[in-house]
Amino acid sequence: MSEHSCNYVNCQNRASYIVTFDGRHYQLCKTHFRRVVNAMTKIAVIYGNSKLEDLKVRKERGRIRIVSTRKVSKEKFLKHLERLKKYEGVKKRYVASFSKTSKS
Ligand SMILES: [Zn+2]
């Protein structure tokens, strides 16, 4: 394993990001970093918030796979996204709100 390649299983890309899970650093390429962000976005859309602890690292053949510890169904995500769009003006192709700010 090269020092600067993505730690994700089956990935040969160059790492561009370092993500910390449980105090350990993992190198991720742009694609897999985006996947982590997307997973957190989906959790946030469905549950109202998300944090890095909602994801966990699963070791696989000396590399890693990042999985969600909260249930994320596509149907639920799309349903909640529809609802969010009405109130918060979430753009269809770009969702980046992780925190609940509507409660005030
Ligand atoms: Zn990767």
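Guide: With 9 C-beta neighbours inside 10 Å, Asn-10 counts as exposed, since a residue is buried if 20 or more other C-beta atoms lie within 10 Å of its own, exposed if 12 or fewer and partly exposed in between, with C-beta atoms placed from the backbone. This is a predicted model, in which local features need pLDDT of at least 70, side-chain atom pairs count only at pLDDT 80 or more, and totals for chains, interfaces and linings use all residues. Residues are numbered from 1 along each chain as its sequence is written.

Visitor: What phi does Asn-10 have, and where is its place?

Guide: Asn-10 is not a glycine, yet its phi is positive, at about 65 degrees, and it sits in the segment before S1. Helices (H or I, at least four residues) and strands (E, at least two) are DSSP runs, numbered from the N terminus.

Visitor: Where does Arg-61 lie, and is Arg-61 buried or exposed?

Guide: Arg-61 belongs to the loop between strand S3 (55-60) and strand S4 (63-68), and it counts as exposed because it has 8 C-beta neighbours inside 10 Å. Although not a glycine, Arg-61 also has a positive phi, of about 50 degrees.

Visitor: In which sense do S1 and S2 pair?

Guide: Two strands pair if DSSP finds at least two bridges between them; here S1 (residues 17-21) and S2 (residues 24-28) pair in the antiparallel sense over five bridges. Ile-18 stands opposite Gln-27 in S2, and in this hairpin, with two residues between the strands, Asp-22 takes a positive phi near 50 degrees.
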